[in-house]
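Trainee: I would like a close look at one part of this protein, please. Could you walk me through it slowly?

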Amino acid sequence: MKMRFIKSSSATIAFKIVSMACGLGISGLIGRALGPSGRGLYGLILTIIVLSANFGLFGLAGANAYLVGGDISRSRSMGTQSLVVGFVGAVLAIVGLRVIGHFSPAIFDGLHYELIIPTFALIPLFLWGTLFSYAYLGQGKVVAFNLFESGEKLLILVIGLLCFTVFKAGLDIFLAGITIAIAMLLAVYVVVYFANSPRGAFYNSKLLTPAFAYGIRAYVATVLTYAVMRSGIFFVNYK
């Protein structure tokens with residue numbers, strides 16, 4: 001048990017280092033290629049995606065780890081539930097963003113349709129990635145748990161290098177590229193999850209209530225604090 005804990009912790013730390021290094025590389029690359037205004041616009045896009053993903057999760061990511069960890073035969077049911085929750089959460093987040101944009105359009109100044117469309121498309125991808133990563137964690141698969149976050153950061157860095165240094169493309173092409181790449185990564189991630197999960201029901205409606213009961217506590221405790229920390233970027237863009 002002790003050795004397993006050490007191995008899991010080491011793997012998580014290694015993946016976090018990779019994610020941080022890729023994040024720094026992406027930030028520097030965009031700042032160099034697009035200048036301060038382009039970097040600020042990319043920061044706004046990231047804030048929209050991350051805040052939407054956090055609000056749209058309803059705390060159910062942690063519930064995935066808890067319920068799958070308690071009974072691994074629930075894996076497929078929780079996977080199906082994650083697909084539904086991710087879709088509903090993304091729709092609610094996008095509707096909320098549209099309402100905010102209607103009443104305060106200056107907050108999203110600079111986000112034209114060629115940027116808004118991939119930004120909105122990335123929201124459900126990040127939601128599903130987070131939900132399934134925690135379901136993997138419930139199965140005890142620590143490497144798979146960390147793989148989506150590090151994988152998408154690495155893909156963003158590679159596509160950024162291609163777009164900004166090789167093809168001299170703009171932010172719109174970069175966003176379209178990472179949307180396609182992350183969608184492909186997520187598709188493999190989800191298919192492998194279902195293929196390697198133990199046999200069990202593909203959906204169990206009785207799991208939704210305990211999932212929300214567990215998740216809502218973590219949701220209330222963390223999401224408001226996170227929102228306050230990240231929402232400042234909107235005021236930088238506000239006129």
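This is a predicted model: local features need pLDDT of at least 70, side-chain atom pairs count only at pLDDT 80 or more; totals for chains, interfaces and linings use all residues.

In which helix does T179 lie?

Mentor: T179 lies in helix α6, which covers residues 171–196. T179 is buried, because its relative accessible area is 13% and the cut-off for buried is under 20%. Leaving aside its neighbours within four places in sequence, T179 is in contact with P118, A121, L122 and L125.

Let us follow one of those contacts, L122. Among the residues that I49 touches, not counting residues up to four places away in sequence, are L122 as well as T119, I123 and F126. I49 is found in helix α1, residues 2–57, and I49 is buried too, with a relative accessible area of 3%. I49 and F120 are 71 residues apart in sequence, yet their C-alpha atoms are 7.5 Å apart in space.

A pair of aromatic rings is described by the distance of the centres and the angle of the planes. The structure holds 11 aromatic pairs. One of them is stacked: Y66 and Y214, at 4.4 Å centre to centre with 5° between the planes. Y66 belongs to helix α2 (residues 60–70) and Y214 to helix α7 (residues 208–230), so this pair ties together parts that are 148 residues apart in sequence. Y66 is partly exposed, at 49% relative accessible area, and Y214 also counts as partly exposed, at 31%.

Helix α6 comes in with another pair. Y136 lies in helix α4 (residues 113–138) and Y193 in helix α6, so the pair ties together parts that are 57 residues apart in sequence.

For a contrast, look at the surface. V84, F87, V88, V91, L92, V95, V99 and F103 form a nonpolar patch there, with about 750 Å² of accessible area together. V88, one of these residues, lies in helix α3, residues 75–103. At 37% relative accessibility, V88 counts as partly exposed, whereas T179, where we began, is buried.

Methods:
Residues are numbered from 1 along each chain as its sequence is written. Side-chain values use heavy atoms; hydrogens and water are left out. Helices (H or I, at least four residues) and strands (E, at least two) are DSSP runs, numbered from the N terminus. Buried means under 20% relative accessible area, exposed over 50%, partly exposed in between (1.4 Å probe, protein chains only). Contact means heavy atoms within 4.5 Å. Patches are made of residues with over 30% relative accessible area and no salt bridge: like charges are joined within 9 Å, nonpolar side chains (Val, Leu, Ile, Met, Phe, Trp, Tyr) within 5 Å. Accessible areas come from the Shrake-Rupley method with a 1.4 Å probe; for residues, only the protein chains shown count as cover. A salt bridge is a side-chain nitrogen of Lys or Arg within 4 Å of a carboxyl oxygen of Asp or Glu. Rings of Phe, Tyr and Trp (its six-membered ring) pair if their centres lie within 6.5 Å; planes under 30 degrees apart count as stacked, over 60 as edge-to-face and the rest as tilted.
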